[in-house]
Amino acid sequence: MTDALNLNISIEEGRFELLSDVFPIGRYLTDLTTDIGDEARLSQVELDLSNIDSVAEAIVDVEIISMILDAIVSYSLYLSAPGGRITLGCYQQGGTIEVTIEEEGGDQRVDERVRLIMAWANAAIPDAAELGVMLTFGRLAVEAHGGRIWLTGDRSKTRWTITLPSRGDHTMEPTLIAQ
């Protein structure tokens, strides 16, 4: 929770703005699997990379988007049972980068998985009480970058999909997300 509040946000005259920079997101996901590899092994969860475009670069607020990715991967690890699998993917298509985080955790924490999916699916306007501050802020931040974030799944698995603008010729000015 503390990390969710300690963000790289410019606060000027009561406005929150996202800062933008080049984020080597493919390389970040590869490094993330190394960073949490020991935790995954201790939990007996397999951690895989699939279709990682190692040169994919997004134009985003690096600190915020990396925090969102970390939170989703950590929560996926929490949902997975021993013998489960988390697969990270990242590829660039045109002016968009798509990141996927898929958790196949079996029948452990089914109620939490279903509650998460239902809360996300039913939230026309994200509700902090249902989704948690990080997920609510994550949706707002991804959409403020011009991307999308969504969740699909069932009783045994979840799949997060996040789209973000790729580097290409795109430049992004700071974006107002709250005033």
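## Strand pairing between S7 and S9

Glu102 stands opposite Arg159 in S9. Strand S7 (residues 96-104) and strand S9 (residues 157-165) pair in the antiparallel sense over nine bridges; two strands are taken to pair if DSSP finds at least two bridges between them. Helices (H or I, at least four residues) and strands (E, at least two) are DSSP runs, numbered from the N terminus.

## Basis of the description

The model is predicted, and local features need pLDDT of at least 70, side-chain atom pairs count only at pLDDT 80 or more, while totals for chains, interfaces and linings use all residues. Residues are numbered from 1 along each chain as its sequence is written, and side-chain values use heavy atoms, with hydrogens and water left out.

## The chain as a whole

The chain contains seven helices and ten strands. Of its 179 residues, 44% count as buried, that is, under 20% relative accessible area, with exposed meaning over 50% and partly exposed in between (1.4 Å probe, protein chains only). Among contacts (heavy atoms within 4.5 Å) between residues at least 6 apart in sequence, 75% join residues at least 24 apart.

## The open sheet and its helices

Five strands form an open sheet in the order S4-S6-S7-S9-S8, with mixed pairing. S4 and strand S8 (148-153) are the edge strands, each pairing on one side only. From one strand to the next, the twist averages 15 degrees.

H2 lies across S4, strand S6 (85-93), S7 and S9, and runs at about 165 degrees to S4. Helix H4 (residues 62-79) lies across S6, S7, S8 and S9, running at about 20 degrees to S7. Axes are lines fitted to C-alpha atoms, for helices over the stretch in contact, and angles run from 0 to 180 degrees between N-to-C directions.

In helix H2 (residues 25-35), the buried residues are Ile25, Gly26, Leu29, Leu32 and Thr33. They lie on the same side of H2 because they cover an arc of only 120 degrees around the axis, the arc being that of the directions from the helix axis to the C-beta atoms. The face of H2 turned away from this buried side carries the exposed residues Thr34 and Asp35.

## Residues with positive phi

Most residues other than glycine have a negative phi. Gln44, although not a glycine, has a positive phi of about 60 degrees. Gln44 is placed in the loop between helix H3 (37-42) and strand S4 (46-52), and counts as exposed at 53% relative accessibility.

Asn51, in strand S4, is likewise not a glycine and has a positive phi of about 55 degrees. At 64% relative accessibility, Asn51 counts as exposed.
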